[in-house]
Amino acid sequence: MALYVLIIYFVLLNCYTFVLMGYDKKSAKKNRRRVPEKRLFLLSAIGGAGGTWLAMNTWRHKTKHRSFTVGIPFLFGLNLLLIIGAVWLIGMTANS
């Protein structure tokens, strides 16, 4: 059960960050109010880095910002470690 909740959390969060980056790109082109970079990094740090990274490559958005080109892949690696650790813990409690 906990594994399914974890999967749903990561899928929804990554879909949200992907869409949010697309929205920010569209807003940038139209000179409208933008999504704060702090929000994009926070969402990436709590598990949405995959969606952010995919959106960066899909829409070529934030690809000239060193903080994003270095930070998002780094956060993606941390997200993977978090997922592996959570799956390991869930497996350990399931076997007890």
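Guide: The protein chain has three helices and zero strands. This is a predicted model, and from the N terminus on its elements run α-α-α.

Visitor: What box do the C-alpha atoms of the protein chain fill, and what share of its residues is buried?

Guide: Taken along the principal axes, the C-alpha atoms fill a box of roughly 55 × 25 × 20 Å. Of the 96 residues in the protein chain, 29% are buried. Among contacts with a separation of 6 or more, 69% join residues 24 or more positions apart.

Visitor: Why is α1 called roughly antiparallel to α3?

Guide: Helix α1 covers residues 2-29 and helix α3 covers residues 66-95; they pack at an angle of about 165°, with their axes 10 Å apart. Angles over 145 degrees count as roughly antiparallel. The angle of α1 and α3 is therefore in that class, and the pair is roughly antiparallel. The crossing of α1 past α3 is right-handed.

Visitor: Which residues make the contact between α1 and α3, and how do they divide by class?

Guide: From α1 come A2, L3, L6 and F10, and from α3 come L82, I83, A86, V87 and I90. By class, the contact of α1 with α3 holds nine nonpolar residues, no polar ones and no charged ones.

Visitor: How do you know that the span of α3 agrees with what its 30 residues should give?

Guide: At 1.5 Å a residue, the 30 residues of α3 should span 44 Å. The end C-alpha atoms of α3 are 44 Å apart, so the two values agree.

Visitor: What makes the reach of α1 close to the expected value?

Guide: Helix α1 has 28 residues, for which 40 Å is expected at 1.5 Å a residue. From its first C-alpha to its last, α1 reaches 41 Å, which is close to that value.

Visitor: Which residues of α1 are buried, and what do they pack against?

Guide: The buried residues of α1 include L6, F10, L13, N14, T17 and L20. Also buried in α1 are M21, G22, D24 and S27. The buried residues of α1 pack against α2 and α3.

Visitor: Why does N79 count as buried?

Guide: N79 is found in helix α3. Buried means under 20% relative accessible area; N79 has 4%, and therefore counts as buried. Leaving aside neighbours within four places in sequence, N79 is in contact with S44, A45, G47, G48, A49 and G50. The other buried residues of α3 include F68, G71, I72 and L75, and what covers the buried residues of α3 includes α2, residues 37-59.

Visitor: What makes K62 buried?

Guide: K62 is found in the loop between α2 and α3. Its relative accessible area is 7%, and the limit for buried is under 20%; K62 is therefore buried. K62 is not a glycine, yet its phi is positive, about 65°.

Visitor: How do you know that R60 is exposed?

Guide: R60 also lies in the loop between α2 and α3. The relative accessibility of R60 is 68%, and exposed means over 50%; R60 therefore counts as exposed. Not counting residues up to four places away in sequence, R60 touches K25 and A55. The C-alpha atoms of R60 and F41 are separated by 17 Å, and the two residues are 19 residues apart along the chain.

Conventions. Residues are numbered from 1 along each chain as its sequence is written. This is a predicted model: local features need pLDDT of at least 70, side-chain atom pairs count only at pLDDT 80 or more; totals for chains, interfaces and linings use all residues. Side-chain values use heavy atoms; hydrogens and water are left out. Axes are lines fitted to C-alpha atoms, for helices over the stretch in contact, and angles run from 0 to 180 degrees between N-to-C directions. Helices (H or I, at least four residues) and strands (E, at least two) are DSSP runs, numbered from the N terminus. Angles under 35 degrees count as roughly parallel, over 145 as roughly antiparallel, 65 to 115 as roughly perpendicular and the rest as oblique. A crossing is left-handed if the near helix is turned anticlockwise from the far one by less than a right angle, and right-handed if clockwise. Contact means heavy atoms within 4.5 Å. Ala, Val, Leu, Ile, Met, Phe, Trp, Tyr, Cys and Pro count as nonpolar, Asp, Glu, Lys and Arg as charged, and the others, Gly among them, as polar. The expected span of a helix is 1.5 Å times one less than its number of residues. Buried means under 20% relative accessible area, exposed over 50%, partly exposed in between (1.4 Å probe, protein chains only).
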